[in-house]
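Thanks for coming, everyone. I'll take the chain as a whole, then go residue by residue. Here is the model.

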Amino acid sequence: MDTTPDPQAVLRQVFGYEQFRPLQGDIIHEVVAGGNALVLMPTGGGKSLCYQVPALVRPGTAIVVSPLIALMQDQVTALRQLGVRAAFLNSSMDYEQARDTESALLNGDLDLLYCAPERLLQPRTLGLLHQSALSLFAIDEAHCVSQWGHDFRADYLGLDILAREFPAVPRIALTATADERTRKEIAERLSLTDARHFVSGFDRPNIQYRIAPKTNANSQLVDFIKTEHNGDAGIVYCLSRNKVEATARLLRDKGLTALPYHAGLPAEQRAAHQERFLREDGVIVVATIAFGMGIDKPDVRFVAHMDLPKSLESYYQETGRAGRDGNPSTAWMVYGLQDVIKLRQMLEGSMGSDQFKRVERQKMDAMLGLCEVTSCRRQALLRYFGDTLETPCGNCDTCLTPPETWDGTVAVQKALSCVFRTGQRFGVSYLIDVLRGSENDRIRQFGHHEVSTYGIGKDLTVNEWKSVFRQLVANGYLRADPDGYGALQLTESCRPLLQGKQAVELRKDPAVKKSAGRSGSRSGSAVRAQITDHDGWEVLRACRKELADKQGVPPYVIFHDTTLFDMLERKPATLEELAEVSGVGSAKLEKYGETFLQAIAQLG
Ligand code: ADP
Ligand code: ZN
């Protein structure tokens, strides 16, 4: 960069984008002018540009504090592809490499230097920084400074030193996960109370939220992927290692590329699977929650949950790994009565103080509440995070196919009374057998064919009763005995229901269709629907893959999907025309322009 370039020009030439997103422009203006900023934007909102553009506009090197080595490497690889002089300093490099990077910093040969916090705080590094020309400090994943959050890192606490030792260098802190309290904490601990705060909503409009009752989870999953996301990259979360293995096998048997990932696998195998997920197109990782942290893959098209997450925080974080590139993506989940019972049991049976359990119980209630809600899921989700969405979103299952409700007052009374009459010692299947008046030996053995609730529930099917019980447990009217085998017991709050004093509206579970995804035609398939020219898409994907493999980098650092879509639509024939495509900056135009023009020319 020669004399001070203007941000808009940097955006266009280096990144190949037409315009800033809302907020980006303001943030960049603030930082370029030397101000401090605290930025809250959802994943995929475009946080990186908020410091990368000022880093290229202001003289000197920008120091980016980042907690994860993998993320650092990703970002540096992507920036180098753009012709930006970027490097990192962390514990993964040897002495020699570190020395080279340090002298590049001193010589002013770097636009951005990514640095792990513990490295940054070493006296040696601080000394180097004092001798270098610095454009700004960016503190990524700033919520790591919060002791309440789940990503706390003690080294982040030391970062307030930057304000004291480098008062003239602007600082920008960024995070995607911060409620009001965490934001205040970040501002205080990083000495950013006087900084301008830029807060955009939490919404991820391109993610379609869907939660379906579990009927046959395996076939539901296969059906979902096959009809809506065939050939797409995705993550499937399961609670246990065994289930991870079994599900990966299932998907492979169905002809999909699926790899397991859990803590029981050897480290090399885990690394290899993660690597394939990043480098190849259309790989599905089946994982326990351990997978995903620090994965910056922009084109994950779906996240599927085969088991309920413990809280909405986890749900939001895990589903948030879909669609960072802004293209339509699906957050899909199935859940059923057994999940509810299992989670409740795990919680009640866990060690932990009463205080701890109370908090966990509230979190779980919120999660179950989202599952059973009959209005817009996105509104409910955002409300939980203190954000408001004025109107229903139109892109979640409850908006697309509003669930019916029914007056469950009498059914609920029957169910609760059956639990009571049988002594609160039995699980759901048994209770349903009693309600439906089944002829079975166990019932006779216990004499329950003589209780008043025997056979009073023939009007509902087994599945309908399961749905009633699920909702009763989800809403806290029944609890599962933590020590037993899922025996259901009454709770205090069920009294008015039992007495029929309180009317209850229940959610009617949608009838099981062969293709559960019909309602979701706007989701993943929308990405495919954007592509009218499927052969062309495959040609461009192959072209990108070849270039990526040659350099040993993931395909998305060559070009994002969005850029390939745009190429397909515009079919540029010259370099000038190709430069107009979103995501094609000058460095990539030079490096890959001819190759892609040739590929496009073949398409006819
Ligand atoms: P975050 O760090 O907030 O999760 P990123 O910085 O990774 O988000 O950006 C998400 C995606 O949006 C990336 O694919 C990025 O290239 C793209 N993007 C960001 N800003 C713009 C813009 N102004 N125009 C077009 N695409 C953008
Ligand atoms: Zn909605």
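**Overall build**

This is a predicted model. The protein chain holds 29 helices and 17 strands. Its radius of gyration is 27 Å, close to the 25 Å that the globule rule gives for 604 residues, so the chain is as compact as a globular protein of that length. Along the principal axes, the C-alpha atoms fill a box of roughly 90 × 60 × 45 Å.

Next, the domains. Domain 1 covers 7-199 and domain 2 covers 207-400. Domain 3 runs over 405-507, and domain 4 over 534-602. Between the C-alpha centres of domain 1 and domain 3 there are 56 Å.

How much of the chain is buried? Of the 604 residues, 54% count as buried. Now contacts. Take those in the protein chain with a separation of 6 or more: 72% of them come from residues 24 or more positions apart.

The surface next. The accessible surface of the protein chain comes to about 26,600 Å². Carbon and sulfur atoms account for 49% of that. As for charge, the chain has 70 positive and 75 negative charges. Their mean positions are 6 Å apart.

Start with Val-244. This residue is found in helix H12, residues 241-253. Buried or exposed? Val-244 has 0% relative accessibility, so it counts as buried. The cut-off for buried is under 20%.

What does Val-244 touch, leaving aside neighbours within four places in sequence? Cys-238, Pro-260, Tyr-261 and His-262 are among its contacts. Val-286, Ala-287 and Thr-288 are in contact with Val-244 too.

Now look from the other side of one of those pairs. Pro-260 sits in strand E10, residues 258-261. At 7% relative accessibility, Pro-260 also counts as buried. Not counting residues up to four places away, Pro-260 touches Val-244, Glu-245, Ala-248 and Arg-252, and also Leu-265, His-273 and Val-286. Val-244, Glu-245, Ala-248 and Arg-252 fall within the 241-253 span of helix H12. A reminder on helices: an α-helix has 3.6 residues a turn, so residues three or four places apart point the same way.

Two distances for scale. Val-244 and Val-57 are 187 residues apart along the chain, and their C-alpha atoms are separated by 47 Å. For Pro-260 and His-197, 63 residues apart along the chain, the C-alpha separation is 41 Å.

On to domain 4, which spans 534-602. Pro-555 lies in helix H26, residues 555-558. Its relative accessible area is 2%, so Pro-555 is buried. Which residues are in contact with Pro-555, leaving aside neighbours within four places in sequence? Leu-278, Arg-279 and Asp-281 are three of them. Arg-544, Lys-545 and Ala-548 complete the list. By their numbers, Leu-278, Arg-279 and Asp-281 belong to domain 2, at 207-400. Pro-392 is 163 residues from Pro-555 in sequence, and the two are 36 Å apart in space, C-alpha to C-alpha.

Helix H27 covers residues 561-570. The helix is mostly covered, with seven of its ten residues buried. Which ones are buried? They are Asp-561, Thr-563, Leu-564, Phe-565, Asp-566, Met-567 and Leu-568. After H27 comes Lys-571, with a positive phi near 45°.

**Loops**

Leu-23 has phi near 75°, a positive value in a residue other than glycine. Leu-23 is placed in the loop between helix H1 (7-15) and helix H2 (24-32).

Ser-191 also has a positive phi, near 50°, and is not a glycine. Where is Ser-191? In the loop between helix H10 (180-189) and strand E7 (196-199). Ser-191 has a relative accessible area of 34%, so it is partly exposed.

Last stop, Thr-422. This residue is found in the loop between helix H19 (409-421) and helix H20 (428-435). With a relative accessible area of 2%, Thr-422 is buried. Not counting residues up to four places away in sequence, Thr-422 touches Leu-431 and His-448. Lys-508 is 86 residues from Thr-422 in sequence and 26 Å from it in space, C-alpha to C-alpha.

That's the tour.

Key: Residues are numbered from 1 along each chain as its sequence is written. Chains are lettered from A and ligands numbered from 1 in the order in which they are written. This is a predicted model: local features need pLDDT of at least 70, side-chain atom pairs count only at pLDDT 80 or more; totals for chains, interfaces and linings use all residues. Side-chain values use heavy atoms; hydrogens and water are left out. Domain bounds come from an automatic or database domain assignment. Helices (H or I, at least four residues) and strands (E, at least two) are DSSP runs, numbered from the N terminus. The radius of gyration is taken over C-alpha atoms; the globule rule is 2.2 Å times the number of residues to the power 0.38. Buried means under 20% relative accessible area, exposed over 50%, partly exposed in between (1.4 Å probe, protein chains only). Contact means heavy atoms within 4.5 Å. Accessible areas come from the Shrake-Rupley method with a 1.4 Å probe; for residues, only the protein chains shown count as cover. Lys and Arg count as positive and Asp and Glu as negative; His and the chain ends are not counted. The place of a charge is taken as NZ of Lys, CZ of Arg, CG of Asp or CD of Glu.
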